[in-house]
Amino acid sequence: MAAVQQRTQYSGDIANALLAYYDRHARDLPWRAPPGMPPPDPYRVWLSEIMLQQTTVAAVIAYFEKFIARWPDFAALASAQDADVMAAWAGLGYYSRARNLIKCARAVVAEYGGKLPQTSAALAKLPGIGPYTAAAIAAIAFGERVAVVDANVERVTARLFAIETPLPAAKPEIRVAVDAITPADRPGDFAQAMMDLGSSLCSVRNPQCLICPLRSNCAAQKAGLAETLPRKAAKKAKPDRIGTSYWIERDAHVWLVRRPDRGMLGGMRSLPDDGWNARADGDSQPPFATDWSPVAGEVVHVFTHFRLTLRLAATAAPVDESRLPPGEWWPLKSLDSAGLPTLFSKAAKLAIRARQKI
């Protein structure tokens with residue numbers, strides 16, 4: 001109880017100091033409103049928060065701007081073709097986010113007249129919006145006083161209050177602490193200020209405590225613990241998987257398939273493969289019998305739960321199209337427009353380099 005009382009006692013000091021710092025040093029991002037200004041368009045907040053899930057700001061900006069230019073609101077995105085959205089998402093990874101993006105846009109149009117609900121509780125009922133994303137949208141777009149906790153906020157808070165319980169077990173304690181210091185006035189700016197602080201001065205390594213606006217309130221800094229927090233439980237090693245993809249070429253075209261909507265890289269165009277997944281290696285069986293040649297090299301790609309080594313076999317032999325898996329011939333000169341996931345984009349580049357050496 002003493003710790004909670006201390007957080008409450010100093011919460012005003014923390015919020016005031018951090019907001020004053022944010023007013024001077026806020027990042028200029030295309031989905032944000034300037035500090036102290038009216039909230040940004042909720043659609044832009046929602047789109048950015050979905051894109052930013054497990055992805056860096058630097059990687060997201062270009063994708064965000066292209067999406068906004070092409071689909072500027074919920075109605076436009078809801079009416080888009082799934083394949084077009086998935087192709088535009090290619091390279092951002094975690095493709096279930098893109099599928100949920102489409103589902104959410106359509107739900108917002110069908111159930112809410114094209115406007116997001118304004119509370120974190122209602123937002124959390126929509127596809128692809130979990131507790132963190134719901135809180136972030138509600139605070140930033142609608143001014144709800146709610147605890148917004150991402151990885152950066154976890155780090156800042158664990159240091160502020162010297163929370164030594166390892167993550168993920170520390171998450172409930174951190175959430176209570178964030179709630180205690182979140183102000184009723186400008187909760188969205190406060191949430192973004194915490195994120196900015198965690199991505200800059202309060203970084204994972206070499207935190208710049210001497211110039212931090214919260215230095216006088218930081219228990220970890222006073223105890224010399226800042227760089228050691230937050231503690232993290234040891235991670236389990238990722239299993240290694242092996243698979244093979246197949247390059248089928250004819251008349252400067254390559255055969256692409258569309259992956260099932262459910263599962264790894266669901267709904268994306270890809271090269272045919274031998275059925276590898278997170279739980280098992282591929283079976284090394286090509287889609288049909290012909291003269292297959294191994295392509296020199298391999299692609300190593302790290303997914304959330306495993307690491308895949310992907311090999312490649314190619315054929316340019318005449319093909320009976322009735323034996324091909326469902327798909328389409330795609331011109332090599334416009335392969336970049338196919339929206340291949342990063343894994344298969346790497347494999348395609350490997351095949352094209354090998355082809356050019358022949």
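The lining of the second largest pocket in this predicted model divides into ten nonpolar, ten polar and three charged residues. The space in that pocket comes to about 590 Å³. Of the 23 residues that line the second largest pocket, Gly93, Tyr94, Tyr95, Phe303 and Thr304 are the closest to its centre. Which elements give two or more residues to this lining? They are the helix α6, at 96-112, the strand β5, at 299-302, and the helix α13, at 342-357. Among the elements, α6 gives the most, with three residues.

Let us turn now to the largest pocket. Its volume is about 1,500 Å³, and 41 residues line it. Nearest the centre of the largest pocket lie Gln54, Asp150, Ala151, Glu154 and Lys232. The largest share, five residues, comes from α9. Sorted by class, the lining of the largest pocket holds 18 nonpolar, ten polar and 13 charged residues.

In general, rolling a probe the size of a water molecule over the atoms shows where empty space is left. How many cavities of 30 Å³ or more does a search of the whole structure find? The search finds two.

The largest cavity has a volume of about 100 Å³. Its lining consists of 15 residues, and those nearest the centre are Arg159, Cys202, Cys209, Cys212 and Cys218. Which element gives the most to the lining of the largest cavity? That element is α9, with three residues; α9 also provides the largest share of the lining of the largest pocket. By class, the residues around the largest cavity are eleven nonpolar, two polar and two charged.

The second largest cavity holds about 30 Å³ of space. The residues that line this cavity are Val146, Val148, Val153, Val178, Thr182, Phe190, Ala191 and Met194. The lining of the second largest cavity has seven nonpolar residues, one polar residue and no charged residues.

On the model, please locate α9, which gives five residues to the lining of the largest pocket and three to that of the largest cavity. Then locate α6, which gives three residues to the lining of the second largest pocket.

Definitions and conventions:
Residues are numbered from 1 along each chain as its sequence is written. This is a predicted model: local features need pLDDT of at least 70, side-chain atom pairs count only at pLDDT 80 or more; totals for chains, interfaces and linings use all residues. Side-chain values use heavy atoms; hydrogens and water are left out. On a 1 Å grid over the protein atoms alone, a cavity is a set of points where a 1.4 Å probe fits but cannot get out, and a pocket is an open set with protein on both sides within 12 Å along at least five of seven lines; lining residues have an atom within 4 Å of a point. Grid points are joined across faces, edges and corners, and a volume is the space filled by probe spheres set on the points. Helices (H or I, at least four residues) and strands (E, at least two) are DSSP runs, numbered from the N terminus. Ala, Val, Leu, Ile, Met, Phe, Trp, Tyr, Cys and Pro count as nonpolar, Asp, Glu, Lys and Arg as charged, and the others, Gly among them, as polar.
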